[in-house]
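Here are my notes on how the chains of this model meet. Please read them with the structure open.

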Protein chains: 4
Amino acid sequence: MTTRPVLKLTHAGALKALASAVAKAESLNVPQNITIVDDGGNLLAFVRMDGAKLLSRETSMSKAITAASHRQPTSRLDPNYEIKLAIAGGGRLTNLEGGLPILIDGHCVGAVGVGSGTGAQDVEVARAALSGIGAEDQKP
Amino acid sequence: MTTRPVLKLTHAGALKALASAVAKAESLNVPQNITIVDDGGNLLAFVRMDGAKLLSRETSMSKAITAASHRQPTSRLDPNYEIKLAIAGGGRLTNLEGGLPILIDGHCVGAVGVGSGTGAQDVEVARAALSGIGAEDQKP
Amino acid sequence: MTTRPVLKLTHAGALKALASAVAKAESLNVPQNITIVDDGGNLLAFVRMDGAKLLSRETSMSKAITAASHRQPTSRLDPNYEIKLAIAGGGRLTNLEGGLPILIDGHCVGAVGVGSGTGAQDVEVARAALSGIGAEDQKP
Amino acid sequence: MTTRPVLKLTHAGALKALASAVAKAESLNVPQNITIVDDGGNLLAFVRMDGAKLLSRETSMSKAITAASHRQPTSRLDPNYEIKLAIAGGGRLTNLEGGLPILIDGHCVGAVGVGSGTGAQDVEVARAALSGIGAEDQKP
């Protein structure tokens, strides 16, 4: 078989997930960087909220790319390996909390990464992105 | 005077500009990469529409960063210098059409960069971002 | 709509395309670097043939990524813009001959990029990759 | 003596090793990223199998480059030094399991690196690459 059928996240879906995440972050009063990538780890949508930490843009991206790559929440790697994997993986692979894959109808169509709050806040906002588009809930 | 008052674009404003640009691109039936940066050239909001060219993500970012840096539309540089400036500027400085500063009440609060269509389409979508938030119209 | 259905190139398909390209390059007696990427520009398969130019690995990758990004053969950009686009696009965007999208059943499932021969030889080998898997023929 | 005779791995050999590794990974039902480099650490052949982790492309490359550099299996470095060596080595030097040198007739002609499974699975697939071309078996 030369090809296999899959699903792709639309920009409408990505923007809806982003809006849900922003609403949750506002309700928590925690400004966040929120990144949505597709299944290939390429940027689909992003927002940096007023007061969010500037450098957490990159951590939110690393979390999203890692969750899309591994198709599982970040923070599930063996802590004994996480630094070695991060270095050997070119710097993008992270085990920080706050990255969740977007699973719809059995397909990983991308991932969301959130950064600027505590790990627990980042996860809560990422889960809001998933629920906003009816994606499978991912407990980290 | 140690400080001076400025205005900053909010994430609500950035997302509203993004939505206006997406609506215009959809009406033109031209999928686009749309980047909003703040006055420091740092990413505020982004979307890649279904079918937009993947590498135009970077050109949309270069256009936005250039427009914010120079506080004028891209494509106003002397063509005899544009390649030299692009290289000396670290690659981000571009003279391609599609980058417009966001001017509000006399302040440059950021810029929008659009890439994936023709130059004229990119400019049209960038202008829609400005009009969506009542920013000063910028003819390129 | 949150998602849309697409096709993905399998590794079996990518390796078959690679083998067809190698066979053509051997018949031409022109060693080549051959890169296959998916629709997101991510590497799927690669080979550097005996005697192929080492640095043409990167040109073959840039050609493949550009063809996947733009969903058209490389070398169709307006020559007046190609250098500006290459710089603003972060260096990967190229207008060199030898990159072709892989179109199957109306979906762009990736691209092939070939580098080390003349432009015409690169294109001929890239077309062999397409015909090896029944993809739509792309004249540059 | 100005020169010394060595052996070089051909692209036919590299593709044969790659195919053996793919067959083993399929039999294990573990999709993998498989990288073959030459004695200079330069990419010879690569495949990313359906469902393999995207970021493990880079870990597979780091493993292959390290095994070629040190002409021994990865994972033999003193754990007390591995992070310091990884950083000082520019990020490519890794002690993760899954990289094996390709030794033929007493020459190190390159290396294979495998990434996306467990360490043990990565090693098993890398050993299959060696056995596929009659290279010396390397227990990690």
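1. Chain B can be laid on chain A by a turn of 180 degrees with a shift of 0.1 Å along the axis, and the RMSD is 0.2 Å. Copies are superposed by least squares on the C-alpha atoms of residues with pLDDT of at least 70 in both. The C-alpha of chain B nearest the axis belongs to B:Phe46, at 2.5 Å from it. Both copies use the same surface, since 100% of the contact residues of chain B recur in chain A.

2. A word on the basis of these notes: the model is predicted, local features need pLDDT of at least 70, side-chain atom pairs count only at pLDDT 80 or more, and totals for chains, interfaces and linings use all residues. Residues are numbered from 1 along each chain as its sequence is written, chains are lettered from A and ligands numbered from 1 in the order in which they are written, and side-chain values use heavy atoms, with hydrogens and water left out.

3. The contact between chains B and A takes 20 residues from chain B and 20 residues from chain A, where contact means heavy atoms within 4.5 Å. The area buried between them is about 1700 Å², and carbon and sulfur atoms give 51% of it. Buried area is the accessible area (1.4 Å probe) that two parts lose on being put together, summed over both. B:His11, B:Leu43 and B:Arg48 supply 36% of the area that chain B buries against chain A, more than any other three residues.

4. Two salt bridges are counted between chain B and chain A; the term means a side-chain nitrogen of Lys or Arg within 4 Å of a carboxyl oxygen of Asp or Glu. A:Arg48 forms a salt bridge with B:Asp38, with the closest N and O atoms 2.8 Å apart. On the side of chain B that touches chain A, the elements giving two or more residues are α1 (11-28), β2 (43-48) and α2 (56-70) of chain B. The largest share, six residues, comes from β2(B). Helices (H or I, at least four residues) and strands (E, at least two) are DSSP runs, numbered from the N terminus.

5. Three bridges join strand β3 (residues 43-48) of chain A to β2(B), and the two strands run antiparallel. Strands pair if DSSP finds at least two bridges between them. The bridge partner of A:Phe46 in β2(B) is B:Phe46.

6. What rotation superposes chain A on chain C? The rotation is 180 degrees, with 0.0 Å of shift along its axis and an RMSD of 0.0 Å. That is the relation of a two-fold axis. The copies meet through the same surface, because 100% of the interface residues of chain A are also interface residues in chain C.

7. Here 18 residues of chain A are in contact with 18 residues of chain C. The buried area is about 1600 Å², with 54% from carbon and sulfur atoms. Seven bridges join β1(A) to strand β1 (residues 3-9) of chain C, and these strands run antiparallel. One partner pair is A:Leu7 with C:Pro5 in β1(C). A salt bridge links the side chains of A:Lys8 and C:Asp39 (2.8 Å, N to O).

8. Over all chains the count comes to 32 salt bridges. One of them is between the side chains of A:Lys84 and D:Glu82 (2.7 Å, N to O). A:Lys84 lies in helix α3 (residues 82-88) of chain A and D:Glu82 in helix α3 (residues 82-88) of chain D, so the pair joins two chains.
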